Amino acid sequence: MLNRLLRASPYIVVQLAAMYLYQVAGRIDFPAAPGRIGPDFWPKSILVLLGLVCVYEIIKNLLIGETFTAAGLLEKLMKDSGEVEGEEKLPSYPLLLGGGIVLTIIYVVTISSLGFFLATIAYLALFMALGRYRNWTVIAASSVLGALGLMFIFMKVVYVSLPLGVEPFSAVSLWLLRVMGVH
Amino acid sequence: MEALVHLGNGFLQVLQPMNLLVLFIGLVLGMLVAVLPGLTLVMGVVLALPFTYTMELLPAIILLTAMYVSGTYGGAFTAILFRIPGEPIDVPLLWDGYTMARKGQPAKALGWTLFSALGGGLVMIMVMVLASAPVAKFALTFSSPEYFAIIIFGLASVVSLGGGSITNAAISLMLGLLIATVGVDSIYGAERFAFGVPFLQDGIEYLLVMVGAYGLGEVFTRMEKGFAGDGTVADTDRRINTEFPTLAEMLKLKMTFMRSSLIGIIVGIIPGAGATVASFVAYGAEGQYGKRGKELGSGIAEGIIAPQTAATSSVGGAMIPLLTMGIPGSGATAIILGAFLLHGMQPGPQVFVTSGPFVYAVFASMFLGVIGMCIIGYFAIKPLVKVLELPEAVVSAFVVMFCFIGAFAARNNLSDLYVITAFGILGYLFEKFKFPIAPMVLGVILGPLAESSFMTMMVSHGNDWTVLMGRPISATVMVLAVVALVYPIQRQLREKTRRSGT
């Protein structure tokens with residue numbers, strides 16, 4: 001039963017979200033014109049279809065316990081080829097993944113304060129180390145040179161205005177920009 | 001005649017030094033991303049997009065299409081030499097390409113690959129030049145029911161031809177269509193699913209969905225596997241050469257070549273199919289109809305020609321609906337459409353009327369791209385496969401950076417970084433629970449087009465949706481859409497019943 005519930009869980013989540021969004025779609029505010037469908041019609045239609053597909057999968061997985069799924073052509077071709085089997089045997093590192101996601105969120109949160117250059121050096125170095133790469137010289141060099149290179153390419157060549165950060169970190173970004181000749 | 005003049009002018013434009021440089025860079029980048037197992041072709045094209053923001057339209061499209069074309073070829077090197085398919089496209093090359101290499105003929109296998117990529121590429125250019133203008137002219141007669149039907153067919157085939165189960169693909173597609181409705185609706189000005197959040201009121205850019213789900217999501221997925229590629233997989237110091245097949249050998253296999261080119265172009269035109277399906281289908285067709293079909297897998301040239309020719313020629317097939325109807329059928333063409341829109345040009349039936357010379361310049365660049373790709377492939381295999389030695393953790397760290405800069409640069413909005421992180425996590429969850437990403441991305445892209453053509457159709461025809469079945473083109477396309485969805489399910493159910501019966 002637990003296996004069945006696990007298999008059905010993604011569909012249950014999507015189904016609940018679809019039901020909630022259908023409620024939200026019912027509250028879309030618009031000037032109704034007689035005889036014309038409103039802006040809620042399209043999303044509501046999609047949500048109904050989404051709900052139907054999810055209900056089918058929930059009944060199939062949870063109640064009947066059927067595991068057969070009709071695969072898309074590409075999926076079938078790959079399965080028939082037998083070349084995808086190896087992927088299943090790879091070990092899983094959930095902590096590594098969790099660390100990577102947290103690190104990425106921290107980068108996004110701090111980039112506006114630290115500025116692109118400092119935040120990127122820290123992110124690149126920590127990401128490589130977290131990714132079990134242990135050549136510290138390469139990590140240090142590629143983080144610093146990578147952040148510098150990206151800053152130069154995007155601010156000097158492609159003209160993208162990357163975040164400079166707030167004081168005192170912005171002083172570093174501004175100094176670098178002066179050195180690079182970016183005004 | 002006019003087409004030839006435009007094509008000639010197109011060559012002159014592409015031969016400008018800056019355009020040639022961009023073409024060269026695009027070809028090399030396409031091959032690199034195809035060689036690296038951690039990077040997919042679509043991801044590569046996504047990561048290159050921010051570099052095109054400040055370019056003129058022509059070099060921007062040259063860069064992305066060059067990557068698209070050469071990306072179908074580069075992965076063949078590692079598949080043949082090291083049994084490492086850089087892309088799913090290259091999986092069929094393992095069966096005969098790698099086997100031929102193991103039999104002591106790696107140079108010959110590489111030669112057949114080069115010949116196939118060149119031939120498939122040249123045929124695709126020819127078909128594009130000859131077919132695009134008439135298709136665009138025909139598409140000028142379409143109105144909203146035909147457009148809506150074509151989009152529905154496209155979405156149905158994305159679901160039935162792609163990876164993952166059909167129901168998961170349908171869920172992915174509908175989530176994409178829903179994401180496209182976020183923000184202020186263009187007809188009534190009503191706010192939908194914004195929840196009072198300012199950046200949601202502007203809508204969710206499909207670029208963010210693509211960069212997040214394809215780029216960041218893939219990095220997270222590989223991170224969970226501990227970045228298995230540690231850069232020590234291949235002995236790249238071995239001697240690598242390319243030996244061309246003789247003219248007599250080529251002529252002997254002309255039917256394989258023609259059949260596979262045709263399959264590539266047709267499969268490329270069908271939305272959702274793309275180079276991978278083309279490569280597999282052509283290999284399968286060779287097994288069924290080829291003179292030496294039963295010998296496939298034993299290291300014969302047909303097993304190399306069929307998938308490689310079809311993969312490369314599918315690019316031309318995919319470009320036709322993009323240019324003539326503004327409908328992208330694959331991840332890579334969706335990004336190319338994004339580049340068009342970012343530069344203020346909408347591809348579609350009018351494109352030959354308004355921007356004919358530009359379109360022919362794109363064709364010319366693709367022709368030169370095919371030639372250039374083969375020259376680079378001939379001379380630079382060894383340094384190209386050297387990238388396999390790069391540690392995956394280092395490459396992935398920089399992939400994340402390009403994702404962030406690409407997302408940020410589109411609107412200079414830091415909120416977009418949160419959006420792509422969210423879609424990165426969603427992309428990872430999709431991979432984890434075997435939901436394909438492509439339908440969601442195409443849903444986000446085609447959603448607004450589908451909704452606007454649906455609303456226009458309903459308004460113009462008094463809310464009567466049966467108009468779809470009352471017009472010959474839309475009715476035919478709708479029937480095809482239903483067949484595309486129902487046929488694979490019915491066939492697999494029949495297969496299952498037969499298996500359980502025995």
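For the classification of residues used here, Ala, Val, Leu, Ile, Met, Phe, Trp, Tyr, Cys and Pro count as nonpolar, Asp, Glu, Lys and Arg as charged, and the others, Gly among them, as polar. The structure is a predicted model, in which local features need pLDDT of at least 70 and side-chain atom pairs count only at pLDDT 80 or more, whereas totals for chains, interfaces and linings use all residues. Residues are numbered from 1 along each chain as its sequence is written, chains are lettered from A and ligands numbered from 1 in the order in which they are written, and side-chain values use heavy atoms, with hydrogens and water left out.

Grid points were joined across faces, edges and corners, and a volume is the space filled by probe spheres set on the points. Under this rule, one cavity of 30 Å³ or more is counted, and the largest cavity holds about 40 Å³ of space. Its lining is made up of Tyr107(A), Ile111(A), Phe116(A), Leu162(A) and Pro163(A) from chain A, together with Phe404(B), Ile405(B), Phe408(B) and Leu417(B) from chain B. Two elements give two or more residues to this lining, namely α5 (94-114) of chain A and α18 (392-411) of chain B, where helices (H or I, at least four residues) and strands (E, at least two) are DSSP runs numbered from the N terminus. The largest share, three residues, is supplied by α18(B). In terms of residue class, the lining of the largest cavity comprises nine nonpolar residues, with no polar and no charged ones.

Chain A is divided into domain 1 (2-88) and domain 2 (94-180), the bounds being taken from an automatic or database domain assignment. The centres of these two domains of chain A, taken over C-alpha atoms, are separated by 38 Å. Within chain A, Arg27(A) is placed in the loop between α1 (2-26) and α2 (41-64). With a relative accessible area of 58%, Arg27(A) is exposed, on a scale in which buried means under 20% relative accessible area, exposed over 50%, and partly exposed in between (1.4 Å probe, protein chains only). Between the C-alpha atoms of Arg27(A) and Asp40(A), which are 13 residues apart along the chain, the separation is 8.6 Å.

Several backbone features were also identified. Glu167(A) and Pro168(A) are joined by a cis peptide bond, with omega about 5 degrees, and Pro168(A) belongs to the loop between α7 (136-157) and α8 (169-180) of chain A. In chain B, Phe193(B), a residue other than glycine, has a positive phi near 50 degrees; Phe193(B) sits in the loop between β2 (191-192) and α9 (198-201) and is buried, at 8% relative accessibility. A positive phi, near 60 degrees, is likewise found at Asn463(B), which is located in the loop between α20 (438-460) and α21 (467-470) of chain B and is partly exposed, with a relative accessible area of 27%.

In helix α14 (residues 302-325) of chain B, Ser313(B) is buried, with a relative accessible area of 0%. Its side chain makes polar contacts (pairs of N or O atoms within 3.5 Å; within protein, one must be able to donate a hydrogen and the other to accept it, and residues adjacent in sequence count only if both atoms are side-chain atoms). A polar atom of the side chain of Ser313(B) lies 3.2 Å from the backbone oxygen of Ser261(B), and the side chain of Ser313(B) also reaches the backbone oxygen of Ala310(B) at 3.3 Å.

Two further residues of chain B were considered for their spatial relations. Tyr289(B), in helix α13 (residues 274-289), is exposed, with a relative accessible area of 58%, and its C-alpha atom lies 9.5 Å from that of Arg259(B), 30 residues apart in sequence. Ser453(B), in helix α20, is buried at a relative accessible area of 9%, and the C-alpha atoms of Ser453(B) and Ser143(B), although 310 residues apart along the chain, are separated by 8.5 Å.

Over all chains, the structure holds zero disulfides, a disulfide being a pair of cysteine sulfur atoms within 2.5 Å. Among the cysteines, Cys374(B) is buried, with a relative accessible area of 6%, and Cys403(B) is buried at 0% relative accessibility.

How values were computed: 1 Å grid on protein atoms, 1.4 Å probe; cavity = no way out; pocket = protein on both sides within 12 Å on 5 of 7 lines; lining within 4 Å.
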